[in-house]
Amino acid sequence: VAMRSRTQRGMTLVELIAAFTILALLTSMSVPLTRYKVRRDKERDLRVALREIRRAIDMYKDAATAGSFQVKVGTEGYPETLEMLVEGVVMSGAADGKKVRFLRKIPKDPITGNYDWGLRSVRDDPKSMSWGGDNVFDVYSKSIDKGSDGTPYSEW
């Protein structure tokens, strides 16, 4: 068996342990950063979803106020459900029964992971977690967690 020269030998056990220790340290530092990025992305998606639903509610209210379609008494011109924004309403004077839709679909709440949003009507308290059922004036996330700024997601 030929002897290896000093320049050809492999890593020693100490070098191997040191390399794995550095690798483990770098990996453990990246986990919190990854969690922070995932949380930040979910919060951004929540803002976008809330903005989209609220814009649709406002467009519905504007069209109702303009008399573009008939509204149910007691709704103050707001939709009765979120589904009405997706299903659409028949415009007054539309002979063909064409519907105007205000949302393509109800977005998923990225924090809770489902399509179940908290609803508030015009008569509900702004911090209320129960829905009066008359109309949909506002939406909020049903998550009990707090955002990175310390504000509960339900208050966004």
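In which helix is isoleucine 17 found? Isoleucine 17 is found in helix 1, as the first of the following close-up views of this predicted model shows.

View 1. Isoleucine 17 belongs to helix 1, and helix 1 spans residues 13-65. With a relative accessibility of 49%, isoleucine 17 counts as partly exposed. Together with Met11, Leu13, Leu16, Phe20 and Leu23, Ile17 makes a nonpolar surface patch of about 640 Å². Glycine 10 is placed in the segment before helix 1 and counts as partly exposed, also with a relative accessibility of 49%. The C-alpha atom of glycine 10 is separated by 29 Å from that of methionine 29, a residue 19 places away along the chain.

**View 2. The largest nonpolar core.** This core has 25 residues, and those with the most contacts inside it are Leu82, Leu85, Phe102, Trp117 and Val139. Helix 1 and helix 2 (83-87) each contribute at least two residues to the core. The largest share, nine residues, is supplied by helix 1. In soluble globular proteins, nonpolar side chains tend to be buried together.

**View 3. Surroundings of valine 139.** Valine 139 is among the residues with the most contacts inside the largest nonpolar core. When neighbours within four places in sequence are set aside, valine 139 is in contact with Leu50, Ile53, Arg54, Ile57, Leu82, Gly118 and Leu119. Of these partners, Leu82 is likewise listed among the core residues with the most contacts.

**View 4. Salt bridges of arginine 123.** Arginine 123 is exposed, its relative accessible area being 54%. Glutamate 76 is partly exposed, at a relative accessible area of 35%. Aspartate 134 also forms a salt bridge with arginine 123, and the closest N and O atoms are 2.8 Å apart. Aspartate 134 and arginine 123 both lie in the loop between strand 3 and strand 4, so the pair ties together parts that are 11 residues apart in sequence. At 31% relative accessibility, aspartate 134 counts as partly exposed.

**View 5. Further salt bridges.** The count of salt bridges comes to 11. One of them pairs lysine 72 with glutamate 80, with 3.6 Å between the closest N and O atoms. Lysine 72 is exposed, with a relative accessible area of 51%, whereas glutamate 80, at 28% relative accessibility, counts as partly exposed.

**View 6. Polar contacts of asparagine 114.** Asparagine 114 lies in the loop between strand 2 (99-100) and strand 3 (118-120) and is partly exposed, with a relative accessible area of 33%. The side chain of asparagine 114 makes a polar contact of 3.2 Å with the side chain of threonine 112. A polar atom of the asparagine 114 side chain also lies 3.0 Å from the backbone nitrogen of aspartate 116. Apart from neighbours within four places in sequence, asparagine 114 is in contact with Lys108 and Asp109. The C-alpha atoms of asparagine 114 and valine 14 are separated by 50 Å, and these residues are 100 residues apart along the chain.

Note on methods:
Residues numbered from 1 in each chain as written. Predicted model: local features only at pLDDT ≥ 70, side-chain atom pairs only at ≥ 80, totals over all residues. Heavy atoms only, no water. Helix = DSSP H or I, 4+ residues; strand = E, 2+ residues; numbered from the N terminus. Buried < 20%, exposed > 50% of the residue type's maximum accessible area, 1.4 Å probe, protein only. Contact = heavy atoms within 4.5 Å. Polar contact = N/O pair within 3.5 Å; in protein donor to acceptor, adjacent residues only side chain to side chain. Patch = residues over 30% accessible without salt bridge, like charges linked within 9 Å, V, L, I, M, F, W, Y side chains within 5 Å. Areas by Shrake-Rupley, 256 points an atom, 1.4 Å probe, with all protein chains shown as cover. Salt bridge = Lys/Arg side-chain N within 4 Å of Asp/Glu carboxyl O. Core = buried A, V, L, I, M, F, W, Y, C linked by side-chain atoms within 4.5 Å.
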